[in-house]
Amino acid sequence: MGIEKETKKFAAAYEEQEQELLILTSEAVGGAGRAAGETAWTATAGFLASVDLTTGEMKEEMGCLRWLAREEDRDGWIYHLKPLTIYHVKCRAKRRKKHEKEKSGDESCARTEGYMLIEVVDRGLQHLGLEKVLEEYQKVVELKDETCGSFTLDRLMDWFSTEMDWLGEKCDVHLQCDEEEGETAEKALAYFKEIYGSLQEWDKELRTFAAKQLTSLANDWLADMMEEEEDLEEDLEEMEECDEEDAEDLDADALDEEDWNEELEEITEADFAKRIQITSLVMEPEGDYSVYYNDDDMFWGHSVIVEGNVETGMERAYIAG
């Protein structure tokens with residue numbers, strides 16, 4: 001589909017009538033995505049609150065601006081919007097489906113789907129109401145616990161975070177908020193305390209589970225390394241045909257044969273469990289968790305991830321990144 005057809009299809013999802021708003025952008029500014037086969041990028045900018053310049057009504061509701069951009073627009077995505085800044089924009093509200101209108105019972109209710117950005121009229125503005133929203137947004141919110149310490153709210157990620165000691169290793173712990181845009185994480189904290197209270201037991205079980213699930217795969221990756229070793233041996237044979245100066249250059253780049261062979265020893269489950277290093281844990285309000293580990297280069301730098309639920313048990317382990 002060409003850029004013209006993509007633009008027409010995109011615009012058809014929004015109302016024809018333009019609106020003029022003051023918006024206070026969030027920290028989610030500067031992102032864009034593009035589906036396979038598409039030419040245009042869909043750029044986005046979140047906002048924390050808005051003011052309708054026709055009615056003067058202010059809404060302390062989060063929303064999102066979207067617009068299409070070309071490949072050559074990647075530097076700033078046309079409008080060069082900045083986070084936590086007040087802008088005057090022209091935009092079009094997204095069309096609401098019939099069943100959504102019937103459910104709301106009010107044609108004028110807020111359209112949480114967002115807006116199509118048409119024009120940035122002015123930037124870096126002042127507005128008392130929006131500035132109060134910004135002030136409140138920037139306040140530091142902490143969650144303190146006698147056992148686990150202090151966590152700080154990250155509004156962009158919608159979680160509370162801290163760095164803590166995990167049996168001698170540094171681990172970033174993130175507790176998802178109890179509700180979207182919330183300022184508490186009591187549910188996730190309660191579940192995390194079940195883990196933290198039996199940390200050695202949980203650590204052993206997590207490592208053992210990951211090892212059972214992924215050691216075989218790690219040895220498959222190891223086999224690929226062995227193939228590379230064979231290629232290296234072929235290069236070394238070719239090196240004999242080089243003159244002395246070229247041979248020195250090739251030898252400087254080659255791995256020491258003894259170290260290489262040590263690295264290629266088969267990985268056991270015990271080896272795997274010992275080698276991975278925890279980096280972070282994300283806990284959700286329902287007790288679901290994701291634990292991230294450094295792979296010690298067994299998967300060439302990918303992360304090892306274990307997912308499960310505190311109440312129902314570990315579910316899967318995989319690599320990503």
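Strands β5 and β6 run antiparallel and are joined by 7 bridges. Strands here are DSSP runs of E with at least two residues, helices are runs of H or I with at least four, and both are numbered from the N terminus. Two strands count as paired if DSSP finds at least two bridges between them. Within this pairing, Tyr87 has Arg123 as its bridge partner in β6. Strand β6 also pairs with β4: these two run parallel, with 2 bridges joining them. Here the bridge partner of Arg66 is Met116 in β6.

The model is predicted, so local features need pLDDT of at least 70 and side-chain atom pairs count only at pLDDT 80 or more, while totals for chains, interfaces and linings use all residues. Residues are numbered from 1 along each chain as its sequence is written, and side-chain values use heavy atoms, with hydrogens and water left out.

Attention now turns to the charged side chains. A search of the whole structure finds 13 salt bridges, a salt bridge being a side-chain nitrogen of Lys or Arg within 4 Å of a carboxyl oxygen of Asp or Glu.

Arg34 pairs with Glu71, and their closest N and O atoms are 3.4 Å apart. This pair links distant parts of the chain, 37 residues apart: Arg34 sits in the loop between β1 (19-33) and β2 (41-52), and Glu71 in the loop between β4 (63-69) and β5 (86-93). Arg34 is partly exposed, with a relative accessible area of 38%, and Glu71 also counts as partly exposed at 38%. Arg74 joins the picture too, as Arg34, Glu71 and Arg74 are linked in a network of salt bridges.

A further salt bridge connects Glu136 with Lys139, where the closest N and O atoms are 3.1 Å apart. Glu136 counts as partly exposed at 40% relative accessibility, and Lys139 is partly exposed at 46%.

Conventions. Buried < 20%, exposed > 50% of the residue type's maximum accessible area, 1.4 Å probe, protein only.
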